[in-house]
Amino acid sequence: MAVREIKPNVYFVGSIDWQRRIFDELIPLPDGTSYNAYLIKGKDKTALIDTVDPTKESELIENLKDAKVSKLDYIIPNHAEQDHSGTIPKILGLYPQAKVITNEKCKNMLKDLLLIPDEKFTLVNDGDTISLGDKTLKFIFTPWVHWPETMVTYLVEDKILFSCDFFGSHLATSSLYAEEGENLLRAAKRYYAEIMMPFRTTIVKNIEKISPLEINMIAPSHGPIYRNPSFIINAYKEWISDQVKNEVVLAYVSMHGSTEKMASYLTDLLIKEGITVKPFNLPKSDIGELAMAIVDAATIVIATPMVLSGAHPQAVYAAYLVNALRPKTKFISLIGSYGWGGKFIEQLKEMMGNLKAEIIEPVVIKGYPKDNDFKELERLSIEIKNKHKQMFDLQK
Ligand code: FEO
């Protein structure tokens, strides 16, 4: 619990979750996270932007007491997901006169998810403003960063963009402000990869939409605040661009060593061709690291043994994840080994139908790799090299 003033009468009242290690029972959080809520005390009205995850509701309540909030006029959810909105019912219980200011889609979700009654809401349209007396809040709809109802709130006089998930990072830190550097960039990229990458094309539009705003500070609802907004905006522009890197992500699983031998042989061949390779032994890998690696890799290769009549479940999961995250990767291939038969190529290809990537002829072998199999892997490495050569200057 640490209320901090970020601008005159604008306060951080959120909660840092140092211990959380998984989100949505899916996404690993090696660095914890935070649920940032912001209090704005205007001359006439007081507003709370976002709340916190329900597990941290007592901290938000204490923070509002510390900030001497006796009357709350507006609660502004930028996003209906429970890690930001889950404490709204509790806050409404404590401040029954408060109105929930949001868009219609968010209202409907909050009614469904949190059973907030209809009469608590005041609806706003895209571009609407409300006045707190000496401070003005402008609402800008930014759908699909992360759900269809997401919006951002701009504090006009202080030029602060409260962006909720957009530009966030799962990073528990006692620093209120971003210390720009590799650590932060990694946390922000991991967040982008896991949460935002499927919405790359809508992010392009939303960044264009906010670009006319003069922004001095981006205050997301996860992770630190950016006093240099161009740091994170420029990083996003690179990630959402169509540019890929001279990298191959090789996600593999092996039961008895045959597929692992294929993966390591291919890795070495590609390295010799001047290509950066990022191998992931799937059962032992942090899936967030894999997501980060596919943000800008030109090629993804999935390697699997045959299990019964199809791919190993870990390879199935990797293909599902890649398909769901929709990276901008240009090329895909598959390699693997079987004992007596099966159809993992068709299965995995079908699973990655969302991707607009060219499939490079896979390599499927029987048992442990032999001379002809190594030759096939050499063929694959040359094909990948030739594809990359068209885009990059390969420095060996
Ligand atoms: Fe941080 Fe989509 O919620």
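Strand 7 (residues 38–41) and strand 8 run antiparallel to each other and pair over four bridges; pairing takes at least two DSSP bridges. This is a predicted model, where local features need pLDDT of at least 70 and side-chain atom pairs count only at pLDDT 80 or more, while totals for chains, interfaces and linings use all residues. Residues are numbered from 1 along each chain as its sequence is written, and side-chain values use heavy atoms, with hydrogens and water left out.

**Around strand 8**

- A four-residue hairpin links strand 7 to strand 8, and Y38 sits opposite I49 in strand 8.
- Strands here are DSSP E runs of at least two residues and helices are H or I runs of at least four, numbered from the N terminus.
- In strand 8 (residues 46–49), T46 and L48 point one way, A47 and I49 point the other way, and all are buried (under 20% relative accessible area, 1.4 Å probe, protein chains only).
- Strand 8 also pairs with strand 9 (residues 74–76), this time in the parallel sense over three bridges, and L48 has I75 as its bridge partner in strand 9.
- From strand 8 the chain goes through helix 1 (residues 57–66) to strand 9, a right-handed β-α-β crossover (clockwise from first strand over helix to second, with the strands pointing away from the viewer).

**Helix 8 against helix 12**

- Contacts (heavy atoms within 4.5 Å) bring K261, M262, Y265, L266, L269 and L270 of helix 8 up against F374, L377, E378, L380, S381 and I384 of helix 12.

Key: Buried < 20%, exposed > 50% of the residue type's maximum accessible area, 1.4 Å probe, protein only.
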